[in-house]
Amino acid sequence: MQYSISQMISNVANLSVATILPSRCPSCGEIVRNNQNDTLLKQSGFCISCWSELKFLTPPWCISCARPFEFIEQGAKSEQLLCGYCIDKPPEHDGIRAALIYDDINSKVVLKLKYSGRIAIANLIADHLQRFLHDDLEKFGDNIWMVPVPLHWTRLWKRTYNQSALIVDAMLKAYGGSNDIVEHRVDLLKRVKRTPPLKGNSGKDRKKLLKDAFALNPKYAQQIKGRNIILVDDVYTSGATTDACVKILKSAGAAKVIIYCWTRVIK
C-alpha cells in the first residue's frame, strides 16, 4: 500500500509540473516551440523530428484488421479487401481502427501516458482517433457504447487511472460528450483476474494467461443485447487482450465490437 500511495503522490506531482513547464514532445521530450509555422505540426504535439518519423496507418489496408497492403491489384476496391491473416482465421472483432504502426517513437508516448502521469497525452491520442469515430457513427448508427479495456483493481490503485478510459473521455469530449448517440460505459467490463505483465510472451501464451481474466458487469446483462461496442485500448499487439474482451461482449449479446487503439504491431 505504501508504494501505491507514493505512486499516487508522484502522479499528482507530475500533473502539477506539467501545467508550469513548456510543452514537450510526447515521445522524445524535446520542447515544442509555439512559434512553429506548420499548423498541423503544432497541433500534433510532436517535435519536427518525431513527427517526420511517425508511421501512420492509411489505406490501402485490410478492412478487418487495418493491416496495410504494400500494393493492390489494379481495379481492386481497397474498401473490400481482406488480408491473408483474416481470411485464414476470421477475427473475433468487427474491425480495428489504429492511428499508427507500432515503433519506438509512438511506444514512448504510451509509456508516458501509462506510467508517468502524462494524462494530457490521452487528448493527443484521441485527436488522432477522432477521424474514425465520425465514420463509424455514420456506418453503425446510434446507441454505440465506448468501453475501455479494464485494469485489475490492484493496477488501477497503483496507477490511479486507466489510460484507455482517459482516451475514451477525451474522444467523447472532442465529439461533444456522452449523449444518446455514443456513451462511455467505463464499468461494462471488469478485469477479475490479475495477470502478470504480458510483454515478452507469445500470442499463444498471452491467450492462456488471459483466460477468464475478464467478465461482464451483471447490471448490463440485458442492456448490452444488440449494442454496437467500440472497445478502446492503447496498443494492439497480438490481439489476445482484446479478443478476450470481445468474446465476453459477443457472448453477452453485443452486435458488433470494433477496436480502437493508438498504435498496433505489424508483424
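This is a predicted model: local features need pLDDT of at least 70, side-chain atom pairs count only at pLDDT 80 or more; totals for chains, interfaces and linings use all residues.
Helices (H or I, at least four residues) and strands (E, at least two) are DSSP runs, numbered from the N terminus.

Residues are numbered from 1 along each chain as its sequence is written, and side-chain values use heavy atoms, with hydrogens and water left out.

Now, the term pocket. On a 1 Å grid over the protein atoms alone, where a 1.4 Å probe fits, a pocket is an open set of points with protein on both sides within 12 Å along at least five of seven lines. Lining residues have an atom within 4 Å of a point. Volume is the space filled by probe spheres set on the points, which are joined across faces, edges and corners.

The largest pocket holds about 1,100 Å³. It has 39 lining residues, and Lys114, Tyr115, Leu198, Lys199 and Asp234 are the closest to its centre. Which helix gives the most to this lining? H5 does, with five residues. H5 spans 104-115. Strand S6 (228-236) supplies at least two.

Next, the second largest pocket, at about 880 Å³. Of its 30 lining residues, Lys89, Ser238, Gly239, Ala240 and Asp243 sit closest to the centre. Helices H4 (84-88), H9 (203-209) and H10 each give two or more. H10 has the largest share, five residues.

H10, residues 240-251, also supplies at least two residues to the largest pocket's lining.
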